[in-house]
Amino acid sequence: MIRCLAIDDEPLALQQIAAYINKVPFLELAGQCQSALEARQFLTEDRVDAIFCDINMPDLNGMDFVKSLTAPPLVVFTTAYSEYAIEGFKVNAVDYLLKPFGMQDFMRAANRLQERLSVPVTAPTETDDTLFLKTDYRIIKVSIPNIRYVEAMSEYLKVWIEGEAKPIITLLSMKKMEERLPSNFMRIHRSYIINLDKIQEVNKNRVIMDADTYLPIGDLYKEAFQTYLDKKFLGK
């Protein structure tokens, strides 16, 4: 199921979008909001895969709202003004529904959402050292040995890659990522999974990955990490 949030300041338009969502078997209505500010608050507390968002709204318009999101879900814009279409596609909107639209147009957008979300994260096998991560509106191939560490960020993960200044941000749980990574990765904190091969130093209750990256070792993970160190330790 694709969890959807409907956003429109007009009650009748919001009601129509919600009704259309409920008619599509693979869509689930997660919530309804009458402003972008309300939607922003909703997204801090719940996860959705897609939003159907009006553009002309008071206080904060839909276009600026989507641009303000760090890791936005898939977006279908709905508006009565065709001049926004080009700008909508510049922010990688999945579709653009011009009001008034019917069920046929809505199904076109719904099918496009389904196509975008049909590529799963690929689990590595014994002979496969790559995985695919969905970020923004792209599917990125990642070499597992190049992953330095993984950082939890609410419903999202930051995947830090060797040689890259910015992380890959993907909608995925720590549990699922942990299951997909090989044995040279270890969870040392509820918010961190590290590549053991990338450790530079262990200092008290911190793992130092580089001069700027100090990661804490959580109490629940100390014993397992110490066992790993004991196996590798040479000296008295």
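Strands β8 and β9 (residues 156-161) of this predicted model pair in the antiparallel sense over 6 bridges. Strands are DSSP runs of E with at least two residues, helices are runs of H or I with at least four, and both are numbered from the N terminus. Pairing requires at least two DSSP bridges between two strands. Across this pair, Y149 stands opposite W160 in β9. The hairpin has 2 residues between the strands. S154 lies in this loop between β8 and β9. Its phi is positive, about 60 degrees, although S154 is not a glycine. S154 counts as exposed because its relative accessibility is 69%. The classes are buried under 20% relative accessible area, exposed over 50%, and partly exposed in between, for a 1.4 Å probe and protein chains only.

β8 also joins strand β12 (residues 192-195) through 3 bridges, and the two run antiparallel. Y192 in β12 is the bridge partner of E151. Of the 7 residues of β8 (residues 147-153), 5 are buried, so the strand is largely enclosed by the rest of the structure.

Residues are numbered from 1 along each chain as its sequence is written, and side-chain values use heavy atoms, with hydrogens and water left out. In this predicted model, local features need pLDDT of at least 70 and side-chain atom pairs count only at pLDDT 80 or more, whereas totals for chains, interfaces and linings use all residues.

A separate paragraph concerns β13, β14 and β15. These 3 strands form an open sheet in the order β13-β14-β15, with antiparallel pairing. β13 (201-203) and β15 (213-216) stand at the edges with a single partner strand each, so one side of each has no neighbour in the sheet. Neighbouring strands are turned by 30 degrees against each other on average, direction ignored. The axes are lines fitted to C-alpha atoms, for helices over the stretch in contact, and angles run from 0 to 180 degrees between N-to-C directions. β13 and β14 (residues 206-210) are joined by 3 bridges. V202 stands opposite V207 in β14. K204 is found in the loop between β13 and β14. Its phi is positive, near 55 degrees, in a residue other than glycine. K204 is exposed, with a relative accessible area of 75%.

The largest pocket has a volume of about 780 Å³. It is lined by 31 residues, of which R47, D49, L117, K134 and L171 are the closest to its centre. A pocket is an open set of points on a 1 Å grid over the protein atoms alone, where a 1.4 Å probe fits, with protein on both sides within 12 Å along at least five of seven lines; lining residues have an atom within 4 Å of a point. Grid points are joined across faces, edges and corners, and the volume is the space filled by probe spheres set on them. Elements giving two or more residues to the lining are α5 (103-116), β6 (130-135), β7 (138-143), β10 (168-171) and α6 (174-180). The largest share, 3 residues, comes from β10.

D49 lies in the loop between α2 (36-45) and β3 (50-54). D49 counts as buried because its relative accessibility is 14%. Its side chain makes a polar contact with the side chain of R47 at 2.7 Å. Such a contact is a pair of N or O atoms within 3.5 Å; within protein, one must be able to donate a hydrogen and the other to accept it, and residues adjacent in sequence count only if both atoms are side-chain atoms. Beyond four places in sequence, D49 is in contact (heavy atoms within 4.5 Å) with M1, I2, R3, P73, L74, L117 and L171.
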